[in-house]
Every structure is written in C-alpha cells, then in structure tokens.
Amino acid sequence: MGLKGIAYATKTVNFREDAQHSEEYQTVNPAGLVPALETPDGQLLTQSLAIIGYLDRIDGPRLYPEQPFSRAVVDSMALTIACDIHPLNNLRVLKYLEHDLSCDEDARMRWYAEWVTRGFSALEKLVQKYGGQYCFEDEISTADICLIPQVYNASRFDVPLEKFPALLDRAERLKAVPSFQNAHPEFAR
C-alpha cells in the first residue's frame with residue numbers, strides 16, 4: 001500500500017500468542033491467516049496475491065506489468081514464493097512439525113532450509129533471465145513484494161543465501177526503498 005501511496009492503518013495479529021484463532025480475528029479471516037485487508041467500503045479480502053491484485057487496479061504505480069506475457073512472468077515469480085516456499089515454511093507448519101510430528105529444532109530448520117532453497121533456486125533462474133534493477137525488469141512488481149519477506153525469513157533462520165546472488169542483489173536494492181523500509185517487520189508499528 002505504501003508503494004501505491006495509499007494511507008493505511010495496521011493491526012497486529014500475534015501468531016505466537018495464537019491471536020489468529022480468536023473469535024474476533026476469525027470474523028476477519030476464517031482461515032486464521034494474515035494478511036487481511038478491509039477496503040474503504042468495509043469489504044474484507046484475504047490472501048496476499050488477491051490483495052495485491054486488488055491494489056494493482058487502484059490508481060498509482062502498477063504492481064504487475066501491462067503486457068500479458070510480462071504479467072505471467074511476474075505471476076510465475078510471485079507464485080513460486082507464495083505457493084512453493086511460503087506455505088511450507090509458515091509458523092503453523094513449523095508448529096505442526098514440532099508439536100504433532102515431534103520434529104526437533106534441527107529437523108524443522110532442515111525442513112525450512114530445504115523448501116526455501118528449492119524455491120529460491122527456481123526463482124534465481126527467473127530473475128537472472130528477466131530481472132533488471134528489480135525481479136522483473138526495472139520496475140518494482142508483485143515479485144519484489146513477495147521476495148522481501150522470504151529473504152528476511154531465510155536470513156532469520158540462517159539459511160545460506162550466497163547461491164542466490166540475483167535475489168540478494170534485488171533484496172538489497174529493495175531495502176533502500178522507503179515503502180519497503182516502512183513495512184519491514186522490525187519497523188512494524
């Protein structure tokens with residue numbers, strides 16, 4: 001929303017305290033996941049890519065290229081993260097591995113690193129082929145929006161990232177963009 005120049009307010013949902021399972025939050029998102037967006041007219045949207053698609057259609061900088069093939073490439077990059085990496089590495093999966101499958105921390109971290117590495121390996125090739133200053137050419141896109149949280153998480157969990165120079169290069173560039181700085185978890189309001 002910062003990239004689009006849209007004013008917004010955030011509300012924190014503390015997953016470590018299971019706030020996503022509260023009755024209050026379940027009315028916002030019955031799946032108990034974030035993000036969720038309440039539109040100015042009171043409608044609720046869930047799922048990152050659905051929200052980004054909605055925001056793309058609002059005035060301001062585009063988050064997807066106009067040209068159909070280019071849009072599909074950006075979708076491919078974003079979906080690599082949103083479908084192949086993130087669902088396997090979110091907190092509910094890591095908790096399930098720990099509590100239900102009795103995986104120790106070492107096993108959970110190997111699990112995490114495996115799926116980040118596989119996804120980043122595919123994404124690295126796409127960015128090498130289609131990237132410019134950012135993941136796709138020279139405009140910030142949905143792919144960049146999806147990349148930053150996963151690079152942050154991978155670093156937080158000590159996943160070696162040196163095999164992904166194209167991704168790291170884009171992430172460093174994006175960290176200098178004020179909208180990304182303002183949305184970073186360490187700077188959350």
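This note goes through the helices, ring pairs and backbone details of a predicted model.

1. Basis of the note. The model is predicted, so local features are considered at pLDDT of at least 70 and side-chain atom pairs at pLDDT 80 or more, while totals for chains, interfaces and linings use all residues. Residues are numbered from 1 along each chain as its sequence is written, and side-chain values use heavy atoms, with hydrogens and water left out.

2. Helices here are DSSP runs of H or I with at least four residues, strands are runs of E with at least two, and both are numbered from the N terminus. Within H2, which covers residues 48-56, the buried residues (under 20% relative accessible area, where exposed means over 50% and partly exposed lies in between, with a 1.4 Å probe and protein chains only) are Ile51, Ile52, Gly53, Leu55 and Asp56. Counting a contact as heavy atoms within 4.5 Å, the cover over these buried residues includes strand E1 (36-38), strand E2 (44-46), helix H3 (68-89) and helix H6 (142-156).

3. Asp56 in H2. Asp56, a residue of helix H2, counts as buried because its relative accessibility is 2%. When neighbours within four places in sequence are left aside, Asp56 is in contact with Lys4, Arg62, Leu63, Tyr64 and Arg71. A polar atom of the Asp56 side chain lies 3.2 Å from the backbone nitrogen of Tyr64; a polar contact is a pair of N or O atoms within 3.5 Å, where within protein one must be able to donate a hydrogen and the other to accept it, and residues adjacent in sequence count only if both atoms are side-chain atoms. Arg71 in turn lies over the face of Tyr64, at 3.9 Å from the ring centre, under a rule that asks for NZ of Lys or CZ of Arg within 6 Å of the ring centre and within 35 degrees of the ring normal.

4. Helix H3. The 22 residues of H3 reach 30 Å from the first C-alpha to the last, close to the expected 32 Å, the expected span being 1.5 Å times one less than the number of residues. H3 bends by about 30° at Leu79, where the bend is the angle between axes fitted to the seven residues ending there and the seven starting there. At the start of H3, a side-chain oxygen of Gln67 comes to within 2.8 Å of the backbone nitrogen of Phe69. Ser70, Val73, Val74, Met77, Ala78, Thr80, Ile81, Ile85 and Asn89 are the buried residues of H3, and they pack against H2, H4, H5 and H6.

5. Helix H6. The end C-alpha atoms of H6 are 22 Å apart, which agrees with the 21 Å that its 15 residues should span at 1.5 Å a residue. Its buried residues include Cys146, Leu147, Ile148 and Val151, and also Asp144, Gln150 and Asn153. Their cover includes H2, H3, helix H5 (105-130), helix H7 (165-175) and helix H8 (178-183). Just after H6, Asp158 takes a positive phi of about 60°.

6. Aromatic pairs. Rings of Phe, Tyr and Trp (its six-membered ring) pair if their centres lie within 6.5 Å, with planes under 30 degrees apart counted as stacked, over 60 as edge-to-face and the rest as tilted; by this rule there are 5 aromatic pairs. The rings of Phe120 and Phe164 have centres 5.6 Å apart and planes at 80°, so this pair is edge-to-face. Because Phe120 lies in helix H5 and Phe164 in the loop between H6 and H7, the pair ties together parts that are 44 residues apart in sequence. Both Phe120 and Phe164 are buried. Ring pairs also link Phe69, Tyr130 and Phe136 into a cluster.

7. Leu97 and Ser102. Leu97, in helix H4, is buried, with a relative accessible area of 6%. Beyond its neighbours within four places in sequence, Leu97 is in contact with Ser102, Cys103, Arg108 and Trp111. Ser102 is placed in the loop between H4 and H5 and is exposed, with a relative accessible area of 62%.

8. Backbone details to check. Most residues other than glycine have a negative phi, and most peptide bonds are trans. Ser102 has a positive phi near 55°, and Gln47, in the loop between E2 and H2, has a positive phi of about 75° although it is not a glycine. The peptide bond from Val34 to Pro35 is cis, with omega near 5°, and Pro35 is placed in the loop between helix H1 (23-28) and E1.
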